[in-house]
Amino acid sequence: MFEDFMVNAWEAGTIVAIIAGVVGFFVVLRGNSFLAHAVPHGAFAGAAGAVLIGVDPLIGLGVFAAGGALTISVLGRRARSDVITALSLAMMLGLGSFFLSRSSEYSAEVFSLLFGQILGVSSVQIVPMIVLGAVCLAAVGLLYRPLLIASVLPEMAPSRGVNPQIITVVFGFILACATTMSVPIVGALLMFALLVGPPAAARFVTRRPVTAIPLSVLLALVTIWASIALAYVSDWPVGFFVTAISALIYVAGRGVSALRRRVPASRNTARVEAEAVAA
Amino acid sequence: MTHSTQEWNDVPGAVLSARDIRVTLSGKLILDGVDLDVAPGEFVGLIGANGAGKTTLLRSLLGVLKPTSGTVERPRRDARTGGVGYLPQKVALDVDAPLRARDVVALGLDGGRPGIPLHRRATRKRVDETLDAVNALSFAEQRIGEMSGGQQQRVLLAHALISDPALLLLDEPLANLDPASAYDIVTLLDRLRRTHRVAIVITAHDMNLLLPVMDRIVYLAGGRAVTGSPEAVVRSDVLTRLYGRPIRVIRAEGRVMVIADDAGIPDEVHHELPAEVAGASGSSGLSGSSGGGL
């Protein structure tokens, strides 16, 4: 499980989980799960196009991810943003199927962009991942507070000098950056699962933002490490395990939350009853 | 487009100065030349029927809504003052958002700054003091989304207050509060404008609690604003004309009550009752109220 070719998989998986955990925290906080679906899947079309014209798929991914995120965040400003997201996603997927139909011999490579090829990651691919990942982390670190206030209190943010519309566009680019670095490794579907499942579960466990982000990263790491190990042992696809474990972790988080809400309530009831008896 | 916005006031004495504000939204003229000057420490009530443009005016004063024409001079943020504090009418909060009351209040202090916060003791103390001022310290550790509407309102007010703003724009801040909490908030606001010279512009449908503290009332109707003293505006004839429905102002024992008269329905019922029944119900009502007084 720790042979040379597997070392790359562990490294790549670790980097993707860290980025997905951090960026995903804001995806869920902002209610942007649909955007997190559209950008990776739309970006896959860009990679398909790049393969067709013989360019590095990473460039196609980056252009489509950034273009898609920009289109959705700008057009979604004055209209229902879910409608814009849906139409952009459908249009990009349509383009992707067109590109694929023109280049059948490369379809295996493109297929891996949807479902990932983490067990076949080469060390050459790790370098651009680390660079793009560092850009994402730096942007989130720098914009942490403006992102929080614009996401939770968009109407009150302007009085603190934060323009929520600009934050929406900037966050779209951060998401595009995270997508571009991770889709070649884990695929669009897995990135989507990692961006939503672990961060959503972390929110149930803690009520502090500074704790929720590391916890979200930890859960994403557990998800991807377990998936790689299980895929190696069972020879089943990694994608199956990542999506299944993401969903399981979310369900477990909800369970924790349900328990947390019940316990204090019953304690209060017990105290009130005890006081009533004493009186 | 003649709109321009200056971030500092050159009208001496005024903390907020709006000139000839016109706002057209989706082709509909909402504000048609509104002027408003507010002095430091002044308590201004903004009233008007639903759709009169109260929220639109507040958003224009805050600067999130660019007026079609007109100018607004508002306090700017610097090291000493938090500029304008704003409390919107409706804030949709996610139940599971991992943010405690104190996180929300701290964002009011430094939410616009870059980087991850490393709150020192002084900041934490200031957050606690602000939460205490709005009687919210007891639920400081709770998730903002899990609180009642009234608790959220107080936390959001603390968020608006913590930066020491020179001007507070409050859109229906009392709407979700029970009478006792609403009274506490009005008392707090009145204290703040006296001790910190914070100017306050507030909208409220129920103005009874605000009557003792308001310096001035601005009422919006037909896109225009008319300013007057509470004595001049809070009169049955003026309010009835403003809202286009019967409104009665009752002055008794130095208190003023504003009552939306339900088109005189109780009176009609009263007239239809036989004299002795009406008399009996009237006397029982009286004895009931005197009993309550004891």
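Trainee: What is the strand order of the open sheet in chain B?

Mentor: Strands of a sheet pair through backbone hydrogen bonds, either parallel or antiparallel. In this predicted model, the open sheet of chain B has six strands in the order β6-β7-β8-β4-β9-β10, with mixed pairing.

Trainee: Which strands stand at the edges?

Mentor: β6 (84-87) and β10 (224-228) of chain B do; each has a single partner strand, so one side of each is left without a neighbour in the sheet. On average, neighbouring strands of this sheet are turned by 15° against each other, direction ignored.

Trainee: How many bridges join β7 to β8 in chain B?

Mentor: Five bridges join β7 (residues 167-171) to β8 (residues 199-203), and these two strands of chain B run parallel. Leu167(B), for instance, has Ala199(B) in β8(B) as its bridge partner.

Trainee: Which helix lies across β4, β6, β7, β8 and β9 of chain B?

Mentor: That is helix α1 (residues 54-62) of chain B, which runs at about 155° to β7(B).

Trainee: Now chain A. How far apart are the end C-alpha atoms of α8(A)?

Mentor: An α-helix has 3.6 residues a turn, so residues three or four places apart point the same way. The ends of α8(A), a helix of 42 residues, are only 27 Å apart, whereas a straight helix would reach 62 Å. A kink of about 110° is centred on Val186(A).

Trainee: Is α8(A) mostly covered or mostly open?

Mentor: Mostly covered: 36 of its 42 residues are buried. The largest nonpolar core has 163 residues, and Leu194(A) is one of those touching the most other members. Helix α8 of chain A gives the most to this core, with 24 residues.

How values were computed:
Residues are numbered from 1 along each chain as its sequence is written. Chains are lettered from A and ligands numbered from 1 in the order in which they are written. This is a predicted model: local features need pLDDT of at least 70, side-chain atom pairs count only at pLDDT 80 or more; totals for chains, interfaces and linings use all residues. A nonpolar core is a set of buried Ala, Val, Leu, Ile, Met, Phe, Trp, Tyr and Cys residues joined through C-beta atoms within 7 Å. A residue is buried if 20 or more other C-beta atoms lie within 10 Å of its own, exposed if 12 or fewer, and partly exposed in between; C-beta atoms are placed from the backbone. Helices (H or I, at least four residues) and strands (E, at least two) are DSSP runs, numbered from the N terminus. The expected span of a helix is 1.5 Å times one less than its number of residues. The bend at a residue is the angle between axes fitted to the seven residues ending there and the seven starting there. Two strands pair if DSSP finds at least two bridges between them. Axes are lines fitted to C-alpha atoms, for helices over the stretch in contact, and angles run from 0 to 180 degrees between N-to-C directions. Two residues are in contact if their C-beta atoms, placed from the backbone, lie within 7 Å.
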